[in-house]
Amino acid sequence: MSWGTELWDQFDNLEKHTQWGIDILEKYIKFVKERTEIELSYAKQLRNLSKKYQPKKNSKEEEEYRYTACKAFLSTLNEMNDYAGQHEVVSENLTSQILAGLARYVQELKQERKSHFHDGRKAQQHIETCWKQLESSKRRFERDCKEADRAQQYFEKMDADINVTKADVEKARQQAQVRHQMAEDSKADYSSILQKFNHEQREYYHTHIPNIFQKIQEMEERRIVRLGESMKTYAEVDRQVIPIIGKCLDGIVKAAECIDEKTDSQLVIEAYKSGFEPPGDIEFEDYTQPMKRTVSENSLSNSRGEGKAELKFGGKPKGKLWPFIKKNKGAAPEDFSNLPPEQRRKKLQQKVDELNKEIQKEMDQREAITKMKDVYLKNPQMGDPASLDHKLTEVIQNIDKLRLEAQKFEAWLAEVEGRLPARGEQRRQSGLYDAQPAPAVNNCAQARESPDGSYTEEQSQESEVKVLATDFDDEFDDEEPLPAIGTCKALYTFDGQNEGTISVVEGETLYVIEEDKGDGWTRIRRNEDEEGYVPTSYVEVYLDKNAKGAKTYI
């Protein structure tokens with residue numbers, strides 16, 4: 001099966017077919033190129049998606065990734081980042097292993113095809129030239145033969161005419177001989193050219209054209225083989241990344257299997273545990289006694305009598321204080337005393353660990369500088385040892401400063417850990433703070449709760465205890481009942497089920513003894529022994545002198 005023998009007369013069709021083959025190859029190159037662009041775009045989108053959902057550093061979101069479910073999600077994001085990298089590898093390999101080679105091959109193929117068909121056209125032109133020469137010699141031979149015949153006929157006619165002179169007959173005879181000689185010469189020339197043409201024709205159809213078409217056939221078959229190899233490479237490029245992609249997916253599955261709901265539940269406990277014990281039982285208040293309320297540790301009048309003494313001397317009040325105590329505003333204290341004991345302990349431990357790391361870092365730097373100074377002392381040409389003294393002094397000062405800071409936080413930590421019962425004994429020691437009085441004023445800590453439910457733990461130095469007692473007295477410990485500053489009318493019924501609040505009925509008129517100070521509560525009194533707080537939005541307040549009888553809607 002050879003194009004040279006089977007398609008000897010299909011030069012033009014072969015030219016069209018080979019051009020079509022090159023077009024197919026270029027189309028495949030374009031297809032692979034677009035695939036590489038898609039892979040790069042997909043990889044970029046995957047990376048952006050992974051980056052978008054990565055936790056921000058030094059943010060609350062980063063702290064959430066302590067939970068196993070969040071860790072699994074973070075692992076999924078990292079695996080997707082690696083997954084995107086494999087798509088980039090696919091794009092790079094397609095470019096290097098297919099596109100670059102095929103682009104060069106197409107250019108070489110075009111040059112080779114052009115050369116082969118140039119040779120074919122050259123052979124065609126040569127055979128056409130030979131054919132024209134043959135036709136020309138043939139026509140000349142035919143013309144000379146006709147001229148010789150006419151000359152011969154004219155000579156015979158002149159020779160038969162008795163009226164023609166002998167000179168004219170001789171002239172006609174010579175002319176006929178010349179024509180016959182020219183015809184013979186034309187015949188010989190035609191015969192020679194004919195033999196030459198037949199030889200060239202045989203060479204053309206049996207040698208030149210078959211050789212040229214054979215080269216074209218080989219060229220086309222190489223193109224087909226190359227296209228097939230490129231398609232195999234195309235598949236292999238994808239196949240090579242399948243194991244790594246599989247590992248990425250296995251990593252996601254493994255991360256999902258590491259999710260532990262019990263661990264996450266424990267982390268929630270560690271994150272929000274206050275360290276306080278639940279409040280004790282509320283004592284019964286006997287209203288059958290004379291109109292003098294029994295003081296209860298959980299009542300609004302807790303700030304008077306024994307309740308006040310207990311707070312001043314470090315006893316821990318039972319239960320939660322009412323929701324309208326104002327929040328501590330401003331920056332958080334350095335010793336985290338605004339946090340509940342358990343959370344404070346965690347924060348202090350975290351701070352101690354951070355300081356120890358910084359100390360170790362500075363000590364490593366001091367050791368490195370010391371070694372470098374020793375090298376300079378032994379080899380002065382390498383540097384001046386005195387040049388490191390300033391840096392060494394600075395590092396030592398930093399270490400001393402960090403150690404003092406660490407000792408300060410360790411003291412606070414020891415204080416908190418000394419107050420907190422062991423974790424296994426917390427339930428058995430329930431009510432410990434209520435049952436046992438504080439051993440000394442200097443070691444007491446007062447726990448309070450702000451309106452949002454967060455705790456404020458204040459230090460146990462004498463000055464702070466005095467300030468605490470003073471603040472508490474200012475807010476709750478009035479020797480004389482507060483005077484009424486106006487009246488109010490209940491717009492809605494309020495049950496007042498929480499401690500420190502008072503129930504009111506819609507339309508009821510009561511006395512206002514303390515305005516809303518921005519926390520949303522107004523302090524009112526029904527009679528001498530019934531007072532408490534109600535939501536400001538539930539009443540219509542009428543202030544007396546200070547308000548000049550004005551009517552205020554809140």
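Predicted model: local features only at pLDDT ≥ 70, side-chain atom pairs only at ≥ 80, totals over all residues.
Local features here need pLDDT of at least 70 and side-chain atom pairs pLDDT 80 or more, while totals for chains, interfaces and linings use all residues, and side-chain values rest on heavy atoms, with hydrogens and water left out.

**Stop 1: the helices**

Select residues 68-160, helix α4, together with α5, which spans residues 166-257. Helices here are DSSP runs (H or I, at least four residues), numbered from the N terminus. The axes of α4 and α5 come within 6 Å and cross at roughly 170 degrees; axes are lines fitted to C-alpha atoms over the stretch in contact, with angles from 0 to 180 degrees between N-to-C directions. The two helices are therefore roughly antiparallel (over 145 degrees; under 35 counts as roughly parallel). Their contact has 45 nonpolar, 22 polar and 22 charged residues. Here Ala, Val, Leu, Ile, Met, Phe, Trp, Tyr, Cys and Pro count as nonpolar, Asp, Glu, Lys and Arg as charged, and the others, Gly among them, as polar.

**Stop 2: a ring pair in α2**

Stay in α2, residues 11-52, and pick Tyr 28 and Phe 31, which are 3 residues apart, about one helical turn. They form a tilted aromatic pair, 5.9 Å centre to centre with 40 degrees between the planes. Rings of Phe, Tyr and Trp (its six-membered ring) pair if their centres lie within 6.5 Å; planes under 30 degrees apart are stacked, over 60 edge-to-face and the rest tilted. Tyr 28 is buried at 9% relative accessible area, whereas Phe 31 is partly exposed at 41% (buried is under 20%, exposed over 50%, partly exposed in between; 1.4 Å probe, protein chains only).

The structure holds 13 aromatic pairs. For a cluster, select Tyr 492, Phe 494, Trp 521 and Tyr 538.

**Stop 3**

Finally, go to Gln 343 in helix α8, residues 341-378. Gln 343 is buried, at 13% relative accessibility. Show Gly 275 too: it is 68 residues from Gln 343 in sequence, and their C-alpha atoms are 7.7 Å apart.

Terms used: Residues numbered from 1 in each chain as written. Parallel < 35°, antiparallel > 145°, perpendicular 65-115°, else oblique.
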